[in-house]
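This report walks through one protein chain. It covers the fold as a whole, then selected residues and elements.

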Amino acid sequence: MVGKIKKTAAALLAALTCLPLAACGISTTEEVVKSAAGESVLPIVETVGESGATEQAENRVGEISVWTGSLSDAGWNDPSTAGGNTYDGFAVDDAAKTVTISSADALAYFAHEVYARGDGFADYTVTLECDVDLNNRLWIPIGFDHRKQAGKSLPHAFKGTFDGNGHTIYNFSAEKFLNAITSTGTTESAYKYAIEADGVSVELYSAYDNSNNDATFHFYEFHYGFFGATGNATVKNLNIDTFNFNYKDIWDEAADGSAKKLLLPDSVAALIGFAGGQITVENCTVGNPDADSRIVGADTASGLIGRAYSGVDGNAFGTSGNKMPVIIEDCTSYVNLGCKDESVTSDGNKKGGILAYAYWIDEIQLINCKNYGDIYGTYIGGMISYTQDGGVRMTFDGCENYGNLYQYVQIIGGVTSGFGGVSHYAGGIAGRLYSHSPSPVSFSMTDCINYGNIVCDTAYAAGGICGKLYMNANSATVKNVIKGCFNYGDITVNNATVKDTGGKDVSSICGGAIGELTFNDAKSVVGVGNVGKVAGGGTVNGCVGTSSGKFTTLYLINGYEL
């Protein structure tokens, strides 16, 4: 009966918006089923090859090269001095600006060279020619650097194009890295990361002290992933089979207990921890459906990109200068994000299956991306946690979320994480999308589907597609469009109210498709549908919790109540 209601509602939405059934949630080639125990069984994804025959997608390509070397073998005994181009399996053509990597040892050596060279292999194309087993050994990321609120040159970040050539990275774990990393110094100018393992002590760059205003807490931030940090980079055709990051915070208390230092994983992802400047990621898969991959203990976490600050100001990257695009296409994540465990005091904040957080951008594109991982956090979304900026062009097309979302507030060292209840959002595709004048501001979300359930403890707004969607160019010419977007998951907001910035109680909002919707551009078109259960302690509606602004056309279908 439920399936019949879903198909009837989707067919009606298709008829009203002139979209095909597949765009409104009925797929003719892929089914999501339940096992006898009620657990989700992931669909078999098939593709059509050049011959026209149906083929099953495969990640494994060729032979697997196993990393058995040490940090010293990779050159990390002297982190600031480049070793040169003569290394077995590592071929560099400086004239053609190409690098070829054909062994696991050479890949580890390449990570050192990115740190040591200073140019980040800018404008080079790096090609991986084998599958690599990292053997759960200590991995210092390619591009180990950190961000600042203002622009920074990111001297150790990767700045070229990395083509995985369809190859896969196996047995990638952060455990030994997290066990080995320690701290030295007491001020930002003197604070460094020290990594001691394999008989080598590696001292890396000065860290960023992101302390709170009264200096009670000092957060010394670092990024982690296969790529720690990138600047104006492209990563494509790369798969990471498994990735695990399980962090219990490292506190240092002053003798009188007045101040604490926390070594904080600021931005963590299986693929790229922090992306500065323009970033393009294409045809990458992280995790797999048959093995658990999980990130626990990170402030901001995602499967593909943890944090993207896309400003470029001369040689600096971050939140100043020209705004650049973030483009992610044909990517999939099976990585679970976060947990609800009071003993892990650095977990929480922003979590997104494909991209956690983007800022200082002029454009964001998420095209044909899928998330299967479950997500726990304060601001959460199946594709993206949130983004906010002025004059942003946003495009979401063909994205699907299968993971369940659990929204809650994490306590970090006795301090509530986040910026207050009115900033807490959850959505199957996006937690919060916000853009305002100056123009151009444009928004397009088409054929995006959520299958995951969403449960919130402290949310202001939650929805099966988007928790809060705010687009305000206040223009008669801008056309914002949402078409063929459908929610199948159950949406529950347990809290009736949240506190606003003045400390007053305001009602929470729960919508089957969108929690809070504001379009202030006269040509906006909205076509969304819901067939999931919707329940909340505050304002509750079957499709859109609350809406305001200007709409040319508004199509809302609540199949659950049909």
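## Report on the chain

F222 is buried, with a relative accessible area of 0%. Buried means under 20% relative accessible area, exposed over 50%, and partly exposed in between, with a 1.4 Å probe and protein chains only. This is a predicted model, where local features need pLDDT of at least 70, side-chain atom pairs count only at pLDDT 80 or more, and totals for chains, interfaces and linings use all residues. Residues are numbered from 1 along each chain as its sequence is written, and side-chain values use heavy atoms, with hydrogens and water left out.

**Overall make-up**

The chain has three helices and 60 strands. Helices (H or I, at least four residues) and strands (E, at least two) are DSSP runs, numbered from the N terminus. Of the 562 residues, 58% are buried. The accessible surface comes to about 20,600 Å². Carbon and sulfur atoms hold 47% of that surface. Areas come from the Shrake-Rupley method with a 1.4 Å probe; for residues, only the protein chains shown count as cover.

Among contacts with a separation of 6 or more, 80% join residues 24 or more positions apart. A contact means heavy atoms within 4.5 Å.

**Aromatic pairs**

A pair of aromatic rings is described by the distance of the centres and the angle of the planes. Rings of Phe, Tyr and Trp (its six-membered ring) pair if their centres lie within 6.5 Å; planes under 30 degrees apart count as stacked, over 60 as edge-to-face and the rest as tilted. The count by this rule is 42 aromatic pairs. Two of them are set out here.

| Pair | Centre to centre | Angle between planes | Class |
|---|---|---|---|
| F90 and F110 | 6.3 Å | 40° | tilted |
| F222 and Y247 | 6.4 Å | 75° | edge-to-face |

The F90 and F110 pair links distant parts of the chain, 20 residues apart. F90 lies in strand β6 (residues 90-93), and F110 in helix α2 (residues 104-117). Both F90 and F110 are buried.

The F222 and Y247 pair also links distant parts, 25 residues apart. F222 belongs to strand β16 (residues 217-224). Y247 sits in the loop between β18 (243-246) and β19 (250-253). Y247 has a relative accessible area of 2%, so Y247 counts as buried.

**Charges over rings**

A charge sits over a ring if NZ of Lys or CZ of Arg is within 6 Å of the ring centre and within 35 degrees of the ring normal. The charged end of K350 sits over the ring of Y357, 5.4 Å from its centre. The charged end of R432 lies over the ring of Y434, at 4.9 Å from the ring centre.

**Helix α2**

Why is α2 largely enclosed by the rest of the structure? Twelve of its 14 residues are buried. Among them are A104, L107, F110, V114 and Y115. E113 and H112 are buried too. From first C-alpha to last, α2 reaches 20 Å, close to the 20 Å expected at 1.5 Å a residue. The expected span is 1.5 Å times one less than the number of residues. G118 follows α2, with a positive phi near 95°.

**Strand β50 and its partners**

Strand β50 (residues 481-487) is mostly covered, with six of its seven residues buried. Two strands pair if DSSP finds at least two bridges between them. Strand β45 (residues 442-446) runs parallel to β50, joined by three bridges. M445 has I482 of β50 as its bridge partner. Strand β46 (residues 449-450) also pairs with β50 in the parallel sense, over two bridges. There N450 stands opposite N487. Strand β56 (residues 525-530) runs parallel to β50 as well, over five bridges. I482 stands opposite V526 in β56.

**Positive phi in loops**

Most residues other than glycine have a negative phi, and most peptide bonds are trans. K97 is not a glycine, yet has a positive phi of about 55°. K97 lies in the loop between β6 and β7 (98-101). At 34% relative accessible area, K97 is partly exposed. D330 likewise has a positive phi, near 55°. Its place is the loop between β28 (322-329) and β29 (332-333). D330 is partly exposed at 37%.

**Residue N179**

Is N179 buried or exposed? Its relative accessibility is 61%, so N179 counts as exposed. N179 is found in helix α3 (residues 175-180). N179 and E196 are 17 residues apart in sequence. In space, N179 and E196 lie 9.0 Å apart, C-alpha to C-alpha.
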